[in-house]
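Have the sequence and the 3D view open as you read.

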Amino acid sequence: MNKICIETSNYKLHINSNENYFLEIKKDTNLFIEVTKNIHSKITLLIKDSHVTLNIDLKDFASLDIQGLGVNASILNENNIAKNSNLNGVFSIISQIDSDNVVNINVLGSNSNCKFFMNGINVSNNKLYFTVNGKIAKDLEDILLEENSQIINIEDGNSKIIPNLIVDSNSVVANHSAFVGNFDLELIRYLNSRGIDNKEAKRILLTSILFGKMELRDLEKEFSDLVNSIII
Amino acid sequence: MNLELENLSVKIDDKEILKNFNLKIKPGEIHAIMGPNGIGKSTLSKVIMGYPDYKIVAGDIKVDNKSIKDVTITERSRMGIFLVYQNPISIEGVKSSEVLKSSYDSCSKTPKNLYEFITNVEGIAHELEMNKNMLHRDFNVGFSGGERKKNEILWLLLLKPKFIILDELDSGLDVDSLKTVTDALNKYLKENKETSVLIITHYTRILDYIKPKYVHMVKEGHISVSGDFSLAKLIEKYGYNQSFDIKGDKICE
Ligand SMILES: Nc1ncnc2c1ncn2[C@@H]1O[C@H](COP(=O)(O)OP(=O)(O)OP(=O)(O)O)[C@@H](O)[C@H]1O
Ligand SMILES: [Mg+2]
């Protein structure tokens, strides 16, 4: 695991060996990540109080698992996926301030898979937007593209998800799902019925929503403070 | 625990599901409620548990002669009411052990440290012939129907309730698992003589494993016939559409 704290406004990460990274970002940054041909990598991103432009280039036969936690942050993410490559993305954004996020997924070559999850927690009465655009270039074959987004409003926040799929090919499995709402009452009540009060039930469900699709290990420390600070 | 449902009427939205429902369960008694699909059996279990969406429009629920109408789900659980759900849910990203520990700490006055807790839970898991690994997997995620039910019973044995509702316990459990699970429950009941049980079922199979003293048939929102174990056998034989007569305390065909 390579730990990098990024403090410049432009940073280029060229990944050409099978290594994993933990990147911490605390100021507005343009981040470029290129995963070279045949390389497999995992990246964990922790973004605090800043806006990040994140460009990811996945070359042929490359694969990348990227998980990001944004706290009062926003992301403009552009992904270019070449043939026979694999991108798994999970971004969780927790925001007490307005946060407008865009993910563009451009599938440029055949035999590629991409799964993208966007999870949001809108803490107060702010704005939290996700726009997710999936684009599959003309005449590609054997593509799997999945975009799933959900935002949970803790209060009466203004949250919106705009999912788009532009598919110009037949041999494609593409789908998207989007949910904006409050905590799932059935789940809360189930936990209540085992003696767990609402506050603790919400803590458990926040863990589930934010980290259900992530490997928590790298973020565990950040996490408990964070969740505890959200639930009052 | 002493539980009483008095002339209970319950609405979901505007639909009346339970009408004038009466039932008294004394400490240590085992009752079974039988009825066809969609009649309101699971609704009843959630009403006893305190689900606020199920509006009590008339009547009362009492525990040890005190109304619990205004008691929340969480508080009812801490009083010792435990509902084994017909369809237990799953929670992605949170380990079983973590959910169980949170519940255990919420309910007990003397929280155990993590080591004691895990040892305790692993003991129960062993008794239920569950794989220990399941404790370290996300709660119920990817569990089979039977594994979920076992997880419910594990949780039950951990919290040591005084009033148990089993909503279709046998659905999802194969013969061997049903035996394991009901053996563990019977052992618990033997050791906790004040604990009462309400078994909700549409099949009699489970009643061969946990023997009820009373069997009630639900029709049109309330109990239409009550009897002993033999009523269950009559229902099995004739179905729910048959009307049964009770003469004295005898059930006649
Ligand atoms: N939350 C709800 N909203 C609307 N209708 C509901 C709700 N819960 C239950 N119902 C309705 O109430 C009726 C009783 O449902 P319930 O689940 O209690 O039946 P049941 O007797 O447990 O059936 P089964 O034997 O199939 O488990 C059904 O018509 C059901 O559709
Ligand atoms: Mg039911």
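In this predicted model, ligand 1 is surrounded by 15 residues, and the closest are B:Asn37, B:Gly38, B:Lys41, B:Ser42 and B:Thr43. Some side chains put a polar atom within reach of an oxygen atom of ligand 1, including the ones below.

| Side chain | Distance to an oxygen atom of ligand 1 |
|---|---|
| B:Lys15 | 3.0 Å |
| B:Asn37 | 2.9 Å |
| B:Lys41 | 2.7 Å |

B:Ser42 turns up again at the metal. The magnesium ion (ligand 2) is coordinated by OG of B:Ser42 and OE1 of B:Gln86, at 2.0 to 2.2 Å. B:Ser42 belongs to helix H1 (residues 41-49) of chain B, while B:Gln86 sits in the loop between strands S6 (81-84) and S7 (91-95) of chain B, so the pair ties together parts that are 44 residues apart in sequence. How exposed are the two? B:Ser42 is partly exposed, with a relative accessible area of 23%, and B:Gln86 is partly exposed too, at 26%.

Now for the sheet. Four strands of chain B make an open sheet in the order S2-S1-S4-S5, with antiparallel pairing. S2 (15-25) and S5 (66-67) of chain B are at the edges with a single partner strand each, so one side of each has no neighbour in the sheet. S1 (residues 3-12) and S4 (residues 55-63) of chain B pair over seven bridges, in the antiparallel sense; B:Leu3, for instance, has B:Val63 in S4(B) as its bridge partner.

Back to the helix: H1(B) lies across S1, S2 and S4 of chain B and runs at about 115° to S1(B).

How values were computed. Residues are numbered from 1 along each chain as its sequence is written. Chains are lettered from A and ligands numbered from 1 in the order in which they are written. This is a predicted model: local features need pLDDT of at least 70, side-chain atom pairs count only at pLDDT 80 or more; totals for chains, interfaces and linings use all residues. Side-chain values use heavy atoms; hydrogens and water are left out. Donors are N, O and S atoms within 2.8 Å of the metal (3.2 Å for Na, K and Ca); water is not among the atoms, so sites may look incomplete. Helices (H or I, at least four residues) and strands (E, at least two) are DSSP runs, numbered from the N terminus. Buried means under 20% relative accessible area, exposed over 50%, partly exposed in between (1.4 Å probe, protein chains only). Two strands pair if DSSP finds at least two bridges between them. Contact means heavy atoms within 4.5 Å. Axes are lines fitted to C-alpha atoms, for helices over the stretch in contact, and angles run from 0 to 180 degrees between N-to-C directions. A residue is near a molecule or strand if one of its heavy atoms lies within 4 Å of it. A polar contact is a pair of N or O atoms within 3.5 Å; within protein, one must be able to donate a hydrogen and the other to accept it, and residues adjacent in sequence count only if both atoms are side-chain atoms.
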